[in-house]
Amino acid sequence: VLGMTPIRAGMTMLPMSLMIMVAAPLSGRLTDKIGARWILAGGLGLMSGGIDWPLTAIRLKLADGKWIGETVWTNPQTPMFMSSPVLIDRTIYGLTVRSRGQFVAVDAASGKTLWNTQGREGQNASIMGSASWLVASTTEGNLVVARANPQKYEEVRRYQIAQSAVWAHPAITGSSIIVKDVDKVICWSF
């Protein structure tokens, strides 16, 4: 779909795997130190409070031997609860919860919203991208193909890929897309 080789597709997914590799041992150590109750309570609190939290860029830096997070910018118009945005060049593409789901483009350096769609796209979206393409799977069972254009939203094609909600991230293979909806796994070939 995106013209990626298997190696390139794997490299595209690598950042999430690296985050898990870093977070898993740290959360285990923290659980041993302070107990699971506090970690679970904190995580649930962040998740429930994050529904309307603004999109925020944070720079990590070492100060006096401790890592601290410094807010670079916030954009209150684009909370992205339960969606997976992508960064392509200097633009963040995602789905905000505003207006029952709007695709948005945000400048990664300033946090300024570059464009957004009308809305009603879905509750969340799993978004994948390459240098020139975006592919978004929405909770409404749509697969949206658009150009990665920071100037304007350019939808190329929209496919109905499931009859019920799609929450899981789709898997793209050489010539097919595998999707999991509420009760089945679907393989679309092209």
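The model is predicted, with local features requiring pLDDT of at least 70 and side-chain atom pairs pLDDT 80 or more, while totals for chains, interfaces and linings use all residues. Residues are numbered from 1 along each chain, and side-chain values rest on heavy atoms, without hydrogens and water.

The count of cavities of 30 Å³ or more is 1. Lining residues, those with an atom within 4 Å of a point, include Tyr93, Phe103, Trp115, Leu134 and Tyr153 for the largest cavity. Strands (DSSP runs of E, at least two residues, numbered from the N terminus) β4 (91-96), β5 (102-107), β8 and β9 (142-147) each contribute at least two residues to this lining, and β8 gives the most, with 3 residues.

β8 also belongs to an open sheet of 4 strands, ordered β7-β8-β9-β10 with antiparallel pairing, where pairing requires at least two DSSP bridges between two strands. Because β7 (125-129) and β10 (154-160) stand at the edges, each with a single partner strand, one side of each is left without a neighbour in the sheet. Strand β7 is joined to β8 (residues 133-138) by 5 bridges, and Gly129 stands opposite Leu134 in β8.

Thr78, in the loop between β2 (66-75) and β3 (86-88), is buried (under 20% relative accessible area, 1.4 Å probe, protein chains only), its relative accessible area being 1%.

How values were computed:
Buried means under 20% relative accessible area, exposed over 50%, partly exposed in between (1.4 Å probe, protein chains only). On a 1 Å grid over the protein atoms alone, a cavity is a set of points where a 1.4 Å probe fits but cannot get out, and a pocket is an open set with protein on both sides within 12 Å along at least five of seven lines; lining residues have an atom within 4 Å of a point. Grid points are joined across faces, edges and corners, and a volume is the space filled by probe spheres set on the points.
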